[in-house]
Amino acid sequence: AATDLGDLLSRVRQVDSQPPASHFVIYMLRSLVPINEFYLRLPSLIFVEIGLVFLFLLVNLLWGERIALVTLVLAQFSPFLCHYAAESRNYGLWFLLIVTSFHCMLAWLRCLASQESKGYWLWASLWGLANGMGLWVQIFHCFEILGQAIMCLVLFVSLPGVRSRAGSKSSFLLAQAIAGLLFLPWVMILLSETGAGRIGVGWTRQFSLVSAAYCLFAFFFGFSLGPNLPELHLLHLSEIIEKTAVPLGAAGFSIGVASLLYFNRLRQDFRNLRSRWELLPLLIYPLASVMGPVALALATGFPLHPRHLLYVWWLVPLVLGITSTSKPAKYIVAIIFAIQLYALGNSLFND
């Protein structure tokens, strides 16, 4: 029970390695709602539900209402997202800011393409604001910003007409400057401290190639398809497979087929000039934003967990939504969705 914001900041730095925005939210609600487990978890659920609205809006902006609705349903019942929607940590708020910042970036690009000068200055400012707030929630949001920036730079290089529009480069720099300036106070706090907060949780697993497979598994099926969350972190891979061969086999088959659908879509986009723009959000953005955390994990032994890559998770329901437009693929997506529902039920009622 912090006595004021200064005391809250001090307490957060003693027990957490992340910026304090989500703690501030709970602190500000302390006089409005009872302080119990339900109300401590409720903000995360609310943030996720609002974030799903923005996810629908950004998918609808690029792919239309049908794919946006399918993506929304798949995301709403995702075992991975539901896990963090039920927690009192910062990931529900981070998800909201991830999809909000991406939506603002798309709106900024759309205004540039249509030469709406007032619009793109406004959306550039909102884009920077959302990213600055995201940094106050999770430091790994910097990799989200990196992925967005590289995607925009690739677009500028490939479309000189957009790059040459008046204010295109300056509004882009404005967005990055706003995000950096908003986060600067926290950087100053970190630089002024001699100690550090507690990093992560009590159980960790060093990053390896198996970790990459684990992240992909978690993105699809959360932490309760077969092994529970502690078992996933503490048991050896051979023990996990031996105990839960059937559900993991079904998950592996689903992820393998979904990956084939994804690469087939990329192949189609590369061949078709009219849909080649899809390579930016579906390929350039995830590659550019994930390379930083992977390099950090390989260089320092940082135990990279799926939650650190939440900013690319939303591509999973999106890709499934896009590929479900063809008749054979929609049955595969339906099977994957059924397994996800089983995993979600297992998480809610059996853990």
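These are my notes from a look through a predicted model.

**Ground rules.** Residue numbers start from 1 along each chain as its sequence is written, and side-chain values use heavy atoms, with hydrogens and water left out. Since the model is predicted, local features need pLDDT of at least 70 and side-chain atom pairs count only at pLDDT 80 or more, while totals for chains, interfaces and linings use all residues.

**Confidence.** I checked pLDDT (the predictor's confidence in each residue, from 0 to 100). The protein averages 87, and 92% of the residues score at least 70. Residues 196-200 fall below 50; beyond near neighbours in sequence, that stretch has 9 contacts in the model (contact means heavy atoms within 4.5 Å).

**Aromatics.** I paired rings of Phe, Tyr and Trp (six-membered ring for Trp) with centres within 6.5 Å; planes under 30 degrees apart are stacked, over 60 edge-to-face, the rest tilted. That gave me 28 aromatic pairs. Tyr84 is in helix H5 (residues 79-85) and Phe223 in the loop between H11 (209-221) and H12 (229-234), 139 residues apart. Helices here are DSSP runs of H or I, at least four residues, numbered from the N terminus. Both Tyr84 and Phe223 are buried (under 20% relative accessible area, 1.4 Å probe, protein chains only; exposed is over 50%, partly exposed in between). Both also belong to one aromatic cluster, whose members include Trp94, Tyr311 and Trp313.

Leaving out residues up to four places away in sequence, Trp314 touches Leu55, Leu58, Ile98, Phe102 and Tyr285.

**Helix H18.** I tested the length of H18 (residues 327-349). Its 23 residues should span 33 Å, and the end C-alpha atoms sit 34 Å apart, which agrees; the expected span is 1.5 Å times one less than the number of residues. Buried residues of H18 include Val333, Phe337 and Leu344. The buried residues of H18 pack against H4 (65-76), H5, H11, H14 (245-271) and H17 (315-323). Leu341, also in H18, is partly exposed at a relative accessible area of 36%.

Technical notes. Helices (H or I, at least four residues) and strands (E, at least two) are DSSP runs, numbered from the N terminus.
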